[in-house]
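Subject: Model handover and notes

Hello,

Please find the model below, followed by notes on what was found in it.

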Amino acid sequence: MSKLLTIALKDLRIAFSDTSALILMLATPFAISLAITFAFGGLGSQGGSGIEEIPVTLVNQDDGLFGELLVETFQSPELADLFAPEMLSSPQEARQRVDADESAAAVIIPAGFSDAVFQELTAGEASAEVEIYANPTRPISVSVVRSITGSVLGRINASYAAGHAAVEGLIASGLLDPQQAGEVAPQIGQRAGEQVFNARGIRVERVQVAGQREEASEFNWAGYFAPSMAIMFLMFTVTSGARTLLAERDNGTLQRIFAAPTRPWQMIGGKVLGTFLIGVLQMTILALATRFLLGVRWGPPEAVAALITAVVFAATGWGVLLAAYARSAGQVEVAGTVISLVFGAAAGNFVPRFNLPAWLQQASYISPNAWGLEGFNSLASGGALVDILPAIQALVIMGAVLFALSLLAYRRQMV
Amino acid sequence: MKVLTIALNDLKMEFSERTTLVFFLLIPLAFTFAIAQGLGGSGGSSGGPDLYPVAVVDEDGSMLAEQVIQALQKTPDLQAALLSADQAAAALEDGEALAVLTLPAGFGEALAKGQDVPVRLERASDELEARAAAQAVENGLARVDSAVQAALAAVNERRRFQDFPDAEAEQAFFDDRLDAALRTLQNPPASLRMTQSESAAGSADEIDAATQASSGQLVTWTLFTLLGVSDMFVGERLLGTLRRLIASPTRPSTVLLGKLVGRLAMGWTQMAILILFGGLVLGVNWGRSPLALLVVAVSFSLAAVAFGVMIGAFAKTRGQAGGLTTLCALLLAALGGAWWPLEITPQVYQALVKALPTTWAMFGFNEVILRGADVRAVLPEAGMMLVFAALFFIISIPRLRFA
Amino acid sequence: MSAVVELSNLVKKYGERTVVDNVSFEIRQGEIFSLLGPNGAGKTTILSMICGVVQPTSGEARIGGYSIVREPMKAKALLGVVPQEIALYDTLSARDNLFFWGRMYGMESARLKRRVEEVLELTGLRDRAKERIKTFSGGMKRRINIAAGLLQEPQILLMDEPTVGIDPQSRRAILDTVKELNAAGLTVLYTTHYMEEAQELSHRVGILDYGRLIALGTQAELTRTVGEHEALYLQLEDGQMLDQLAAELRSLPGVLEASTTDSQVIVIVSEASSALPPVLARTAGLGFKVRSVEIQEPNLEAVFLSLTGRALRDEVE
């Protein structure tokens, strides 16, 4: 055991004696955390999907109640963070704003909109249509505008349905004279409408996969990408760290270690321990930095720690395997980068995992990235240690198998 | 010409390593393919099945619950099945149902009284389909909810005129009004219409997620290739061949130009293959103006290769060059909007990342692809990237050491 | 003989550090000129300045009359360069490398083809021409390195320590090749820290120490600077604490200078016969065993020693 430690310490000493490499090792996770912080929420704010201040252009050519309602919704204080509304008088101007990418969408309420809705009350099939002129380069913003508009229209329609149902019901019951309806109907309609406008009976509790409640049905970008970047970076570090193993072989010190009564597992274990510790250190820095700078919830500390350890263990295994089978330091570098990129892309480090085809998601389980990402996602949406035990198990087995394979390779080489 | 000789020599060296081909071609192609498959399917449409399978668990059994089920079954996007709780849970786990709605006991009664009633909507995953299915269920529920509230309001109005003779009559009235309201809401008066810029590629409704991802992929992979010019500089400097080149009657500018040409040729080839593969095989929409696409791609490649030279000028070992190349490629791509859309980021962030060339590349590509822009429209973005290229060259060329 | 290379007051400073200090000499047509000096003396820097890779801080170098600073293209065209490191693309074949470098010297196809075959023949690597440089042994790499410098049939060949770290056969082959080429009319500037090579090859030698040219001339002229002195070469059994021995010997009367290299002690004395006994006595007295003694005319090593008080080669090779 002490030989293992001796080797590990030697490597750590070498690693820490190179200040520029050290800085790179520790500063880069910081830089990445900062980048993620900026991307998803700004310093000091709560992490989450950070869409804010959507520039939306409003044109209200209606002089009635409903047009006003729609405009007020966009201008309301509750939505002040979400939207940056701008009122214009000309639809053409509004569309130009969108074309020039200064606005995400133009919401154009036609003249007579409210009337058209009311007209239904007494006769006709007139339909009142709000136009949303969308900016094709901002699809997410557009969908937000669309859903807000849709929900306001939904309530308008509900009010209308209430009024209509009420008046129609009264007429059908004989309590209201069709002739008189024209005079009285608007009042009835309005009252019924108002009653219904903000009424809600059914309240939806949204629950996601692992049984956890979720606040919004929007995707938590920061919560996804913080661990994603961390794992990506880890793979790079670990596979390029494997170069030192080959450097030792190249300059003969490896043979010398074996000439002394050292067992292969002691040698490998010692070399790997150093890389392992550095990997854990980096991931921890990243987790802490994004937690405190951005408020990204990684999950319960003991679960996060366990998962980090398991992920680094498995990742290090890949690094060692690489070093065992590669024939030169240059090869390790290239192969390491390739593997990191392939694993990263396949597991969903670049593009959210659920957007990848099912077969790829399955295939990516060969990488620590996939297990780690799923594990961290589970923890971030409220899971606990017990929920990620399968992932930890898989990672530990992965690491163990890889180390065993590496030992085989080394033994063959030493003979 | 010596420039060509140097360029060809570099290419020969790059491709003498078989691993280069993996990096250069196989991986990008594989991922473009995988992502296109995952997001859009080869038809290039927004993909997904025509009907989202969902399950409803009715623990209530009331008429209103029945109404909800019927409403969901009538929803065009959904394929709603009525299942027991166990069956539904199994379906969710197997992926046969994208969402499960559970109507608790007492649902109908409470709702009819105008009370607040919680229902449980469980979504299978974070996938786009599951989200869309859940949203469709919520929309259906909202309609029923509105109809119920409308019927309740009608009952109230009716009561103002005259009391109901008995509970049955009230119930009958309510049921009748509920039907009426549901019918009304099938064809509601107020609606919205989506439109967008005329010249935009594709329709406003179909946002092709694969198309969106394609430009991000293009930027990411070619960035690796182009920034890799740094390794060439450092490697040759350490090898001594750069020095030998200078000792020969070859101007330093010729050497630099030769290396740039070689690297750009690689980058352009890679981009061409990815674009053609994406467009022809995967149905990715690259916009309407090939010329505009070309302008954006070329100006981006110049900025990227210049950045690579900058890395090469400052890195002292091949390890440093390689590490910086990878790191910068990942950061520039990610931060510039190649992996996640800029629109979800804070305004401050969006302003700050304008200092990155990749951000402008993404702007340019998006203009071409999503808006169907022509050359004139992308000149600002292209111009900006050329400025970056010039800036990086100005910083790095004086610092380039050949020995 | 006309001067083919002229260095005038060449200076190179890196910040405060002066690496080449006011060096002037000329290389005459048809000669082999050796620049001899310990590691770090500035040989490579001077060579780099001659072929235009490094800019002099002040002073000038002219090749064939062309200033390397003002007319670099013309000057470089006359040079062939064999750098100290193997400056070749090791993932490419020998032939590919040669073709590339030939093009860099502006050689056109027909001539280049012919020359590539000729230099391959000359360096004995014709049958390995298609293989990657990576697969070559150290000696072979050095030979190809030389071949690349000869392609364009230069007037002057600059060779920077071309035999470092290779096996004796390859070294022999290289030295013979240099002599052959010189016999055919090639002017050679040869830097080295191996005295034997300088001795074997050169017509004239320049000795460099800490950036300064401390001696210049034919070998005969140089050894004469040591004066009428003689040199004793003692081969000892053990190589420990030789510094102490050197210091002790220096204190003996009749000893002008003493220095040690590996297990060899060089003593410069005014007269060998009278100096030898006390030297041997002191050596034995200090516990060293002497295996052999030679009395010789001083060689370049001795010249260096007498000029600087130090050995040409480092203590630890």
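At what angle do helix H1 (residues 2–16) of chain B and helix H3 (residues 94–104) of chain C pack? The angle is about 160 degrees, and the axes lie 10 Å apart. Axes here are lines fitted to C-alpha atoms, for helices over the stretch in contact, and angles run from 0 to 180 degrees between N-to-C directions. Helices (H or I, at least four residues) and strands (E, at least two) are DSSP runs, numbered from the N terminus.

Before the rest, the conventions. This is a predicted model, in which local features need pLDDT of at least 70 and side-chain atom pairs count only at pLDDT 80 or more, while totals for chains, interfaces and linings use all residues. Residues are numbered from 1 along each chain as its sequence is written, and chains are lettered from A and ligands numbered from 1 in the order in which they are written.

**Chains B and C**

H1(B) and H3(C) are therefore roughly antiparallel to each other (angles under 35 degrees count as roughly parallel, over 145 as roughly antiparallel, 65 to 115 as roughly perpendicular and the rest as oblique). H1(B) passes H3(C) in a left-handed crossing (the near helix is turned anticlockwise from the far one by less than a right angle; clockwise would be right-handed). On H1(B) the contact is made by Lys2(B), Thr5(B), Asn9(B) and Lys12(B), and on H3(C) by Asp96(C), Phe100(C), Arg103(C) and Met104(C). Residues are in contact if their C-beta atoms, placed from the backbone, lie within 7 Å. By class, this helix contact has two nonpolar, two polar and four charged residues (Ala, Val, Leu, Ile, Met, Phe, Trp, Tyr, Cys and Pro count as nonpolar, Asp, Glu, Lys and Arg as charged, and the others, Gly among them, as polar).

The contact between chains C and B takes 22 residues from chain C and 20 residues from chain B. Helix H2 (72–77) and H3 of chain C each supply at least two residues of the chain C side. H3(C) gives the most to that side, with four residues. The chain C side divides into 14 nonpolar, four polar and four charged residues.

**Chains A and B**

Here 85 residues come from chain A and 86 residues from chain B. On the chain A side, H6(A) gives the most, with 19 residues. That side has 49 nonpolar, 22 polar and 14 charged residues.

Five strands form an open sheet in the order E5(A)-E4(B)-E3(B)-E1(B)-E2(B), with mixed pairing (strands pair if DSSP finds at least two bridges between them). The edge strands, each pairing on one side only, are E5 of chain A and strand E2 (78–82) of chain B. From one strand to the next the twist averages 25 degrees.

E5(A) pairs with strand E4 (residues 117–123) of chain B in the parallel sense over six bridges, and Arg206(A) stands opposite Leu121(B). Strand E1 (residues 52–58) of chain B and E2(B) are also paired in the parallel sense, over five bridges; Tyr52(B) stands opposite Leu78(B).

Helix H3 (residues 63–74) of chain B lies across E1, E2 and strand E3 (99–103) of chain B, at about 145 degrees to E2(B). Helix H4 (residues 85–94) of chain B lies across E1, E3 and E4 of chain B, at about 155 degrees to E1(B).

**Domains of chain B**

The assignment, automatic or from a database, gives domain 1 (2–42 + 203–399) and domain 2 (52–186). Their centres, taken over C-alpha atoms, are separated by 52 Å.

Regards

Key:
Contact = placed C-beta atoms within 7 Å.
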